[in-house]
Amino acid sequence: MQLNEQANQNGDGAHILRLHHSLFMRWLYFGVGILALLMGILGIFLPVLPTTPFILLAAACFARSSERFHDFLLNNRITGPLIYEWCKYRSISRQTKRWVYLIMALSFGSSILIVSSYWLKLMLILLAIILTALVWRIPVRGINIHSKIN
């Protein structure tokens, strides 16, 4: 609960834990959260599945269903800063974006080299272009120079 407590003390709104009042809905959110987490883990190894959106979805679902799993994701050294950045600023860090581009280039590049069918190569190239465009649209939080002056 370190990140959760820090977010509450700072009053920065990054803490999103609000358990649903219905037991049925909590179980439904929990099931979707587990599925999203598994898809996010698979996305580390498969070029077509994006990891970050699935991890963010899992965090949102766990915020409505399980304090334990929510705290686990927030306090994880890999997923915690990503979730915190998204909750507070609706952005990802420049370093995360660079890693995404690198992993996508390596995974799609190797897949394109391995596949023998030209149609599959074309499909992979098209998917890579679409995913790159989607990642490019995610905001990166930067320092506003004008706010430093005032």
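**Exercise 1. How many aromatic pairs does the count come to?**

Before starting, note that this is a predicted model, in which local features need pLDDT of at least 70, side-chain atom pairs count only at pLDDT 80 or more, and totals for chains, interfaces and linings use all residues. Residues are numbered from 1 along each chain as its sequence is written, and side-chain values use heavy atoms, with hydrogens and water left out.

*Step 1.* Set the rule: rings of Phe, Tyr and Trp (its six-membered ring) pair if their centres lie within 6.5 Å; planes under 30 degrees apart are stacked, over 60 edge-to-face, and the rest tilted. The count comes to 4 aromatic pairs.

*Step 2.* Take W27 and F30: with 6.0 Å centre to centre and 85° between the planes, they are edge-to-face. Both lie in helix α2 (residues 23–45), 3 residues apart, about one turn of the helix; helices here are DSSP runs (H or I, at least four residues), numbered from the N terminus.

*Step 3.* Now move on to F30 and F62. Their ring centres are 5.8 Å apart and the planes stand at 45°, so this pair is tilted. It links distant parts of the chain, F30 in α2 and F62 in α3 (residues 51–65), 32 residues apart.

**Exercise 2. Is F62 buried or exposed?**

*Step 1.* Apply the cut-offs for relative accessible area: buried is under 20%, exposed over 50%, and partly exposed in between (1.4 Å probe, protein chains only).

*Step 2.* F62 has 0% relative accessibility and therefore counts as buried. W27, at 58%, is exposed.

**Exercise 3. Which residues touch the most other members of the largest nonpolar core?**

*Step 1.* Define the core: a set of buried Ala, Val, Leu, Ile, Met, Phe, Trp, Tyr and Cys residues joined through side-chain atoms within 4.5 Å.

*Step 2.* The largest such core has 13 residues, and L37, I55, A58, F62, L73 and I83 touch the most other members.

*Step 3.* Sort by helix: α2, α3, α4 and α5 each supply at least two residues of this core, with the largest share, 5 residues, coming from α3.

*Step 4.* Zoom in on A58. Leaving aside neighbours within four places in sequence, A58 is in contact (heavy atoms within 4.5 Å) with G33, A36, L37 and L73.
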